[in-house]
Structure formats: structure tokens, C-alpha cells
Amino acid sequence: MIVIEHQPKRVEVTVYAEFTLADYKEFESVVNDAIRFEGPVDLLFDLREMADFTLDVAWEDIVFARAHANDFSRIAVLTDSQWVAWSAWLSQIFVRAEMRIFAEETEARAWLAEDAGAGGEAV
């Protein structure tokens, strides 16, 4: 299950339990609309409550990332899992956005609020 919040120039996604293909399609729809009307957006993925994801989600993420390589400014991923952090890092291969992994939500939000170009190094 996911909860999506769309703010100006930012889409925030929180994943609970299993991340399914239906969830990912919902995410894609919101992001596609945001990009269409606002241009490049920031993403905040909160994966701290994610228990698992399906294989088709992993594949869809690769396809989506390749199709939207230039459509994101910054991507903040909240996770306590080294496996999820590693998976997020792999996705960065296909996206030109600056991506960072965070354990603390306040740090992720502060980083996203910084002016583009004033941030630290990407993960």
C-alpha cells in the first residue's frame, strides 16, 4: 500500500507493507501529471515501512527511470535497510537526478528544501 502527496514541484510517496505493481502504477500516474504540468520535480520516497516489493515493481522501476531520466531534480530515499539503499543506488544509473539516502526524515526534507546546486554530494 502507498500514500502519495503531491506538492508544488514535489511528489512524496510512503510505502507500507508490500509495494505492488498497482501501487507503482499509481505513483507513475501522479508523477507523470506533475511532470507534465510542472516540469522536473523532486521525489521523497519513504520506504521505512516497506516490508517487500514484487519483482514486477523492480522491473517497472527500471523502465520508468529510463523513460524519465531527465524529469527529476532531487530524489530523497528514507530507509533503514542497506538492501533498499543499494537498490535505490542502482536506480540512479538510469536517472540524472541527484539522489541521497537518509535515515532521518528531517534531514531528507531539509536537503530537498535547499536550493538546487547547493546540496551535498550524491549517493
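Predicted model: local features only at pLDDT ≥ 70, side-chain atom pairs only at ≥ 80, totals over all residues.
Five strands form an open sheet in the order 1-2-3-4-5, and the pairing is mixed. Which strands sit at the edges? They are strand 1, residues 2-7, and strand 5, and each of these pairs on one side only. On average, neighbouring strands of this sheet are turned by 15° against each other, direction ignored. If pairing is a new word for you, here is the general idea: strands of a sheet pair through backbone hydrogen bonds, either parallel or antiparallel.

Now let's follow the chain through the strands. Strand 2 and strand 3 are paired in the parallel sense, over nine bridges. To get from strand 2 to strand 3, the chain passes through helix 1, residues 21-38, in a right-handed β-α-β crossover. Strand 3 and strand 4 also pair in the parallel sense, over five bridges. Here the chain crosses from strand 3 through helix 2, residues 55-67, to strand 4, and this β-α-β crossover is right-handed.

In strand 3, Phe45 stands opposite Val13, and in strand 4 its bridge partner is Val77.

Phe45 brings us to the cores. The largest nonpolar core has 24 residues. Which residues have the most contacts inside it? They are Phe27, Val31, Leu43, Phe45, Phe72 and Ile75. Strand 2, helix 1, strand 3, helix 2 and strand 4 each give two or more residues to this core. Apart from it lies another core, of seven residues, among them Leu44, Ala76, Leu78 and Leu112.

Leaving out residues up to four places away in sequence, Leu43 touches, among others, Phe27, Val31, Phe72 and Ile75. Leu44 is in strand 3, and with neighbours within four places set aside, its contacts include Ala76, Leu78, Ala108, Arg109 and Leu112. Why does Leu44 count as buried? Because its relative accessibility is 4%, and buried means under 20%.

Leu112 takes us to helix 4. Leu44 and Leu112 are 68 residues apart along the chain, yet their C-alpha atoms are separated by 8.3 Å. Helix 4 covers residues 105-113, and Ala108, Trp111 and Leu112 are buried in it. These three cover an arc of only 100° around the axis, so they lie on the same side of the helix. What do the buried residues of helix 4 pack against? They pack against strand 2, strand 3, strand 4 and strand 5. Helix 4 lies across those four strands, running at about 175° to strand 4. The face turned away from its buried side carries the exposed residues Thr106 and Ala113.

Notes
Residues numbered from 1 in each chain as written. Heavy atoms only, no water. Buried < 20%, exposed > 50% of the residue type's maximum accessible area, 1.4 Å probe, protein only. Arc of directions from axis to C-beta. Contact = heavy atoms within 4.5 Å. Pairing = 2+ DSSP bridges. Right-handed = clockwise from strand over helix to strand, strands pointing away. Core = buried A, V, L, I, M, F, W, Y, C linked by side-chain atoms within 4.5 Å. Axes fitted to C-alpha atoms, helices over the stretch in contact; angles between N-to-C directions.
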